[in-house]
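Please look at the sequence and the structure first.

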Amino acid sequence: MMKMLMPSIYEKGFRMTRHALLCALIIAGGLLITGVTRSDAAESPQQLKVACEKGRAAACASLGEVYLNGTGVKQDDSHAVALFRRACDRGDLASCLGLGWMYKVGRGVEQDDGQAVVLYRKSCDGGVVMGCGGLGELYEDGNGVEQDYGQAVALYRKACDGGVAMGCGSLGKMYRDGRGVRQDDGQAVALYRKACDEGALDRCAALGWMYQKGRGVKQDDGQAVALYRKACNGKETYGCINLGLLYQDGHGVKPDDFQAADLFQKACEGGYSQGCNNLGAAYLRGQGRPQDDGEALTYFRKACELRNQESCQNYADLKKGKLQ
């Protein structure tokens with residue numbers, strides 16, 4: 001008998017979004033992160049270079065953003081690192097955060113969590129609360145520092161109290177999982193809601209999961225649908241996956257395999273492996289997509305290349321005729 005493939009829902013805490021959110025804020029929200037004023041941002045790269053050479057740290061930070069994003073200049077991570085370092089050394093502590101992020105992800109420098117710890121701590125101690133959130137992540141994961149959930153909780157709380165949605169969302173997850181604090185779904189819901197309201201769309205999806213499962217709130221598929229949709233519309237792929245599954249199963253919405261497949265495709269195109277896996281399943285079973293084993297193999301392979309082990313097995317089984 002051939003194995004029957006079932007779609008997968010992501011329900012383990014929306015794990016990889018903390019760092020992705022920090023990354024997005026640093027790259028796309030440079031005015032917020034590096035402390036660059038609007039007047040700095042309006043200056044040309046040449047004007048910024050002159051101002052930076054005269055010792056204006058904010059100009060160095062702004063020019064670093066220019067090179068990081070390739071705005072009006074050839075994109076150059078190494079040059080961005082040098083400029084963030086210069087600004088950080090001159091007291092622009094938000095630039096220390098940017099430099100720490102470069103070390104964390106290995107852009108323009110060799111990846112080094114230890115250096116990220118030093119720089120995030122410097123920015124956090126100087127009042128840049130997003131640095132506290134980044135440092136909390138390193139403590140939670142034990143990267144560059146000994147793992148310490150209690151320290152992670154304290155740092156996430158400091159970031160959250162300082163208005164950083166990422167910190168609230170991460171603190172909510174600690175309450176949900178009972179790490180560094182007593183497990184408390186009610187607190188998790190409150191923190192997820194605060195983070196969602198402040199723009200952390202991954203936490204809208206996490207809050208949707210709490211409603212779907214009835215954890216910390218009364219079970220409500222309608223609320224889950226609304227929250228997953230909000231996250232998905234903001235290109236948060238976890239929301240797309242789970243919204244697609246609600247459409248597929250008819251929970252909180254009228255069943256619609258075509259909507260489900262469209263949502264799986266959106267998640268897949270956003271680089272989320274489970275979306276590719278579920279889209280492969282849709283092609284395999286002819287649900288919301290024409291039945292096509294070749295297309296199913298294509299999407300299982302894509303998901304496998306994105307390190308989804310379930311999809312690697314699905315690909316191998318379908319090639320052997322063991323999947324339906």
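This is a predicted model, in which local features need pLDDT of at least 70, side-chain atom pairs count only at pLDDT 80 or more, and totals for chains, interfaces and linings use all residues. Residues are numbered from 1 along each chain as its sequence is written, and side-chain values use heavy atoms, with hydrogens and water left out.

Q: Leaving aside its neighbours within four places in sequence, which residues is G144 in contact with?
A: G144 sits in the loop between helix 9 (129–141) and helix 10 (149–161), helices being DSSP runs of H or I with at least four residues, numbered from the N terminus. Counting contact as heavy atoms within 4.5 Å, and leaving aside neighbours within four places in sequence, the partners of G144 are D113, G114 and V117.

Q: Is G144 buried, partly exposed or exposed?
A: Buried means under 20% relative accessible area, exposed over 50%, and partly exposed in between, with a 1.4 Å probe and protein chains only. G144 has a relative accessible area of 46%, and is therefore partly exposed.

Q: Which residues in helix 4 are exposed?
A: In helix 4 (residues 45–53), L48, A51 and C52 are buried. These three lie on the same side of helix 4, because they cover an arc of only 100° around the axis, the arc being that of the directions from the helix axis to the C-beta atoms. On the other side of helix 4, the exposed residues are Q46 and E53.

Notes:
Helix = DSSP H or I, 4+ residues; strand = E, 2+ residues; numbered from the N terminus.
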